Amino acid sequence: FDDAAVYAMISAGDTVGVFQVESRAQAQLLPRLRPSCFADLVVAISLIRPGPVQAGMVHPYLRRRLGQEPVRYLHPSLEPALRDTLGVILFQEQVLKVAQALAGWSGGQGELLRRALGRKDNQEALARLRQRFVADATGRDVSPTVAGQVFAQLEAFGSYSFAKSHAAAFAVIVYQSAWLKRYHPVPFYVALLNHQPMGFWSPAVLLNDARRHGIAVLPADVNESAANYMPENRRVRIGLATVQGLGQSGAGRIVAARVGHPFASLLDFCRRTRLPRRLVENLITAGALDGMRGAGEGRRALLWQLGLLDYEQETLLSGQEPEAAPEELPPLAALEAMAGELRVMGVSAGPHVMAHHRAAMQQTGVLSSRELTHHGAGALVWVAGQVTVIQSPPTAKGFTFVTLEDEFGMVNVIVAPDVGACYRRVWRRTPLLAVQGWIQRQGPVVNLLAVRPWPLRASLSAANT
C-alpha cells in the first residue's frame, strides 16, 4: 500500500468510482487531507461519518494536520487515547479509552456507554451515565466543566462512527479500488458499470469520468455490443442490456441471432430477432442500429421504415424491404439524438451535453469547471452544468449541496437555506443549470456559494444583466 501515484490521485480528489471515498464530501476532504499512506486512508474514511461531523471534529482535525492550530486535549489524561488522531475522537474504540482515561471506567463500563450513546430512545439512562461519568471524573481531579465537555463530545459522536478495525478493512478496498483506477481504468469502469446500481454516481457520470481519463466510449450497436458493457482495447462499449425494456434476455436474443453473420438491414434484424416493435424503436432511438443504415438514412428514417413494416409474423417473414423515407425528412440534430439516447439508456456515447452549449456560454461569460479554478476567492461569477447530485444532509443545518458536471469536471455549489427556499423548484426540477455565486476557497478546494440559479437556456442571456 505504498504506490505514490495512487495516493497522488486520491489526494487530488480524483476518486469517482473509488469505494468509500467517491462522494462529494470526500472529494472536498481529500485535497485538504492529502493522504500519503495507508493510515491516512483509515482516517479519511472515518472523518466523513455522522459521528465526527456531529461532534465537530472534522475541521479541528484538518487544521491540526495542516499546522494551522496546535494539537489540544481537553485534559492531559486524554493524550494517550487521542494522540494518533491529533486530539479528536474518530474511532469507536476511543470512546472506551476516553472513559477509562478520564473517569477511570473499566472496559465493560465503557462498552455500556458506547452502546447507550447509540440509542436515542434511552435518554434517561444516558443522563444517569452522564451524571456518573462527571462524578467519577471529578473524583480524579478533573473539573466538572471539562468532564461535561468531554461527555458532550462523546454524546455527539454517538455510535455513528467506524471501529478502527472496520475502517482499516475498508481502507484496504479503497486502496485496491484506487490502484485499479490508476493502472487498469478500462476494466475498472466496465466492472462498475456492469454492477449498477451501486456507489455514489450514476452510470452517466462514470462514463463522463472515463472520458476525462482518455477512455473513448463506444455506442451500443446490435452488430458489435454484448449484453453488458465490454472493454475494447482502450475503449468501453455500451451494452445492449442498457436499452430500456431489453434487459439481459432481449440482449441475449440479439447476440444469439447475429451469430454467423451480422444484421444487414432493419428488416433483416426484425426477422431474425423477432423483437417487439416497441423494443426495436428503443434500439433505434439509442443509436444501436446506426451501423447498418444505408447512405443518407438516419434514426428518423429507420423509425419511418419500422412503421411501414407489417408485424404480423407471416407477412414480416415474407415481406420486402420497406420503401425509403422521404428525402425531406430532416435528420436528428446532435442534441436531439443525445436526448433520445439518455431517455432510453440513461447514458450516451456522445460528448457531454455541456459541450454543445460551450460556445454560447463562452460568449456570455459563463465559466466552465476548469475556468472556475483560475478565479480568486470572493469573485462573483456564473458557472453552468448538468445537475448530478442534490444533497441536504441532516447535519448541514438547512444547507443544500448541489453538484454540477460539465465536460471538464465537477462544480460544488453550496446553497444557503434562504436561497434554497426561494428557488426550490429551479434547484429540484431543472436538469441543466447556470448558477451565479461567490467563489470560496479552502486550500485547493473551490466551492461556489450560490446567489441564484437559472435554467440554462434562459441564463445565457441573463448572465450579463
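This is a predicted model: local features need pLDDT of at least 70, side-chain atom pairs count only at pLDDT 80 or more; totals for chains, interfaces and linings use all residues.
**Stop 1: the barrel**

Select strands β4, β5, β6, β8 and β7. In that order, these 5 strands form a closed barrel, and their pairing is mixed. Neighbouring strands in this sheet are turned against each other by 55 degrees on average, with direction ignored.

How do β4 and β7 pair? The pairing of these two strands is antiparallel, over 7 bridges. To find one place along it, pick V383, which stands opposite V435 in β7.

**Stop 2: helices on the sheet**

Which strands does α13 lie across? They are β4, β5 and β6, and α13 runs at about 50 degrees to β5.

**Stop 3: T400**

Select T400, which is found in strand β5. Is T400 buried or exposed? Its relative accessible area is 14%, and buried means under 20%, so T400 counts as buried. Show the side chain of S392 as well: a polar contact of 3.0 Å joins it to the side chain of T400. Leaving aside residues up to four places away in sequence, T400 touches I390, Q391, S392, V413, I414 and V415.

**Stop 4: helix α1**

Move to helix α1, residues 4-11. Its buried residues are V6, Y7, M9, I10 and S11.

Then look at the N-terminal end of α1. D3 caps this end, with a side-chain oxygen 2.9 Å from the backbone nitrogen of A5. Just after α1, select G13, where phi is positive, at about 75 degrees.

**Stop 5: a pair of helices**

Packed helices are described by the angle between their axes and by the distance between those axes. Select α15, residues 266-273, and α16, residues 277-285. Their axes are 12 Å apart, and the packing angle is about 135 degrees. The two helices are therefore oblique to each other. The crossing of α15 past α16 is right-handed.

Finally, show the side chains where the pair meets. L266, F269 and C270 belong to α15, and they meet V280, L283 and I284 in α16.

Definitions and conventions. Residues are numbered from 1 along each chain as its sequence is written. Side-chain values use heavy atoms; hydrogens and water are left out. Two strands pair if DSSP finds at least two bridges between them. Helices (H or I, at least four residues) and strands (E, at least two) are DSSP runs, numbered from the N terminus. Axes are lines fitted to C-alpha atoms, for helices over the stretch in contact, and angles run from 0 to 180 degrees between N-to-C directions. Contact means heavy atoms within 4.5 Å. Buried means under 20% relative accessible area, exposed over 50%, partly exposed in between (1.4 Å probe, protein chains only). A polar contact is a pair of N or O atoms within 3.5 Å; within protein, one must be able to donate a hydrogen and the other to accept it, and residues adjacent in sequence count only if both atoms are side-chain atoms. Angles under 35 degrees count as roughly parallel, over 145 as roughly antiparallel, 65 to 115 as roughly perpendicular and the rest as oblique. A crossing is left-handed if the near helix is turned anticlockwise from the far one by less than a right angle, and right-handed if clockwise.
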